[in-house]
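The following exercises concern a single protein chain. Please examine the sequence and the structure before working through each solution.

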Amino acid sequence: MRYAARVDANQKQIISALEAAGAYVWVIGLPVDLLVGYKGHTFLVEVKNGPRKRLTPLQADFFESWRGGTLARIDGPDGALRMIGVLQ
């Protein structure tokens with residue numbers, strides 16, 4: 001039996017910041033936390049609570065193997081807004 005993945009404490013803040021900027025956010029959980037659409041661009045986002053939190057083995061493999069659009073590891077609202085180009 002698979003249990004629900006633990007959600008990082010900062011995920012709600014990140015989602016709120018992205019949505020306030022006009023992004024569409026969908027929580028997908030695996031292989032990363034969020035699917036984000038903004039101005040015709042798609043982003044896959046792994047949320048971590050702090051810059052030192054490690055990726056799981058599944059996430060690390062996904063980051064290594066991904067050949068598509070933007071894949072980002074975000075640890076706060078400012079990083080999320082930088083990812084979509086709202087902040088410099």
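**Exercise 1.** Among contacts in the chain between residues at least 6 apart in sequence, what percentage join residues at least 24 apart?

*Solution.* The model is a predicted one. Begin with the contacts between residues at least 6 apart in sequence; of these, 44% join residues at least 24 apart.

**Exercise 2.** Determine the order of the secondary structure elements in the chain.

*Solution.* First, take the inventory: the chain has three helices and four strands. Next, read from the N terminus, which gives the order α-β-β-β-α-β-α.

**Exercise 3.** Why does the radius of gyration of the chain agree with that of a compact globule?

*Solution.* A compact globule of 88 residues would have a radius of gyration near 12 Å. The chain has 13 Å, and therefore the two agree. As a further step, consider the extent of the C-alpha trace, which spans about 35 × 30 × 25 Å along its principal axes. Of the 88 residues, 35% count as buried.

**Exercise 4.** Is Lys 48 buried or exposed? Describe its surroundings as well.

*Solution.* Locate the residue first: Lys 48 lies in the loop between strand 3 (41-47) and helix 2 (57-65). Its relative accessibility is 8%. Buried means under 20%, so Lys 48 counts as buried. Then inspect its partners. Leaving out residues up to four places away in sequence, Lys 48 touches several residues, including Asp 8, Arg 73 and Asp 75. Gln 59 is also among those touched, and its side chain makes a polar contact of 3.1 Å with the side chain of Lys 48.

Methods:
Residues are numbered from 1 along each chain as its sequence is written. This is a predicted model: local features need pLDDT of at least 70, side-chain atom pairs count only at pLDDT 80 or more; totals for chains, interfaces and linings use all residues. Side-chain values use heavy atoms; hydrogens and water are left out. Helices (H or I, at least four residues) and strands (E, at least two) are DSSP runs, numbered from the N terminus. Buried means under 20% relative accessible area, exposed over 50%, partly exposed in between (1.4 Å probe, protein chains only). A polar contact is a pair of N or O atoms within 3.5 Å; within protein, one must be able to donate a hydrogen and the other to accept it, and residues adjacent in sequence count only if both atoms are side-chain atoms. Contact means heavy atoms within 4.5 Å. The radius of gyration is taken over C-alpha atoms; the globule rule is 2.2 Å times the number of residues to the power 0.38.
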